[in-house]
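I would like the cut-offs behind the terms stated as they come up.

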Amino acid sequence: MPEMLMEVEEEDDVVPNGRVLITGATGLLGRAVYKEFKDNNWHVLGTSYSRLRPRLEILNLLDSSAVNGLVQDFKPHVIVHCAAERRPDIVENQPDSAAMLNVGASENLAKVAAAVGAFLIYISSDYVFDGTNPPYKTDSVPNPLNLYGKTKLEGERVVLQNNDGAAVLRVPVLYGDVEKIEESAVTIMFDKVQHSNKSANMDHWQQRFPTYVKDVASVCLQMAEKKLQDPSLKGIFHWSGNEQMTKYEIACAMADAFNLPCSHLRPITDEPVGATPRPWNPQLDCSRLEALGIGQRTPFRAGIRESLWPFLVEKKWQQTIFH
Ligand SMILES: NC(=O)c1ccc[n+]([C@@H]2O[C@H](COP(=O)([O-])OP(=O)(O)OC[C@H]3O[C@@H](n4cnc5c(N)ncnc54)[C@H](OP(=O)(O)O)[C@@H]3O)[C@@H](O)[C@H]2O)c1
């Protein structure tokens, strides 16, 4: 191959597909989204807040002039807005600050995204539904049971009101590469699964669809790529894993994935009392994205093995001995 042609091809290789801004890039989902766009040759700017990480920009989303300045400077083609307060119990206890982040900051981001012509993907939750009449389509009527769901729904409304081309992507409970197992409502169960000498009660009432963050990240990338070709892509979308499980069943599947016993786990079939109310079965109908040819689903056992093997006690022990 002539030398000149080779050089041109190499240079073509490094031209990014576009600029993407990712808020909450230190979070469970944001880290996966950051990696997905980076691996697919996008120029990525990720923001953090309290966690200092190399290559990420510290940004308080409540500081609207800082947000406006950063967006105006970077001029992203796409913004994936992952930052939020997503712990339902914390939202109940700190409703004002949670609303400022989940609603106020989302509204501001929607306005500045519109001003620079960026495609905004606002990550929302299946908790906008009450879970009494699944599955839920993108146009099903939401009815959040807790304050977290209410702030996420209000965030959706202000985003769509202030940015006509924006997308809302609702997802259910997430798991993935965690920094600590408490980081996800799914992975947190691994401690109880591994300690098989102690019996553990597990909720067997609420229906869940554990969803791998790498799959959601891929869906965000596919949506961004599609949007660049077809500006009519906008509005509400759903993405979800398709394995329906209670927490008890998730714990058993985790045990199965690591070849561990599960006879110490006890299913509790009663609706939890006294806790922040949660929907019984907020199953998301994903047909709108599927019809566009967008999607990715990793089987739960494969995804959870990939995510949790560093936390396997037996393996840690082996590492201590051999390294
Ligand atoms: N996790 C789930 O199971 C789940 C389920 C359904 C929907 N969702 C939605 O998915 C999205 C991502 O959730 P996640 O689990 O990845 O959340 P997460 O792990 O709790 O991460 C939250 C992110 O928000 C950032 N942040 C917090 N306050 C901020 C502020 N004032 N300014 C700027 N950034 C701020 C955090 O930055 P620092 O850490 O640097 O402070 C962190 O990067 C959220 O919209 C959530 O509602 C999550």
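Just after α9, Asn259 has a positive phi of about 60 degrees.

The model is predicted; local features need pLDDT of at least 70 and side-chain atom pairs pLDDT 80 or more, while totals for chains, interfaces and linings use all residues. Residue numbers start from 1 along each chain as its sequence is written.

The chain holds twelve helices and eleven strands, which are DSSP runs numbered from the N terminus (helices: H or I, at least four residues; strands: E, at least two). Its radius of gyration is 21 Å, close to the 20 Å given by the globule rule for 323 residues, so the chain is as compact as a globular protein of that length. That radius is taken over C-alpha atoms, and the rule is 2.2 Å times the number of residues to the power 0.38. Along its principal axes the C-alpha trace spans about 65 × 50 × 40 Å.

Of the 323 residues, 45% count as buried. In soluble globular proteins, nonpolar side chains tend to be buried together. Here the largest nonpolar core has 88 residues, and Val33, Leu120, Ile121 and Cys220 have the most contacts inside it. Such a core is a set of buried Ala, Val, Leu, Ile, Met, Phe, Trp, Tyr and Cys residues joined through C-beta atoms within 7 Å. Leaving aside residues up to four places away in sequence, Ile121 touches Val80, His81, Ala167, Leu169, Cys220 and Met223; contact means C-beta atoms, placed from the backbone, within 7 Å.

Around the ligand there are 28 residues, of which Gly24, Gly27, Ser50, Ala83 and Ala84 come nearest; a residue is near if its C-beta atom, placed from the backbone, lies within 6 Å. Both α2 (28-39) and β5 (119-125) supply at least two residues of this shell, and α2 gives the largest share, three residues.

The UniProt record, an unreviewed entry, places the feature "domain: RmlD-like substrate binding" at residues 19-311. Over that stretch the chain is 39% helix and 15% strand, with the end C-alpha atoms 35 Å apart.

Methods: A residue is buried if 20 or more other C-beta atoms lie within 10 Å of its own, exposed if 12 or fewer, and partly exposed in between; C-beta atoms are placed from the backbone. Two residues are in contact if their C-beta atoms, placed from the backbone, lie within 7 Å. UniProt positions are given in the numbering used here, feature names are shortened, and annotations may be inferred rather than shown by experiment.
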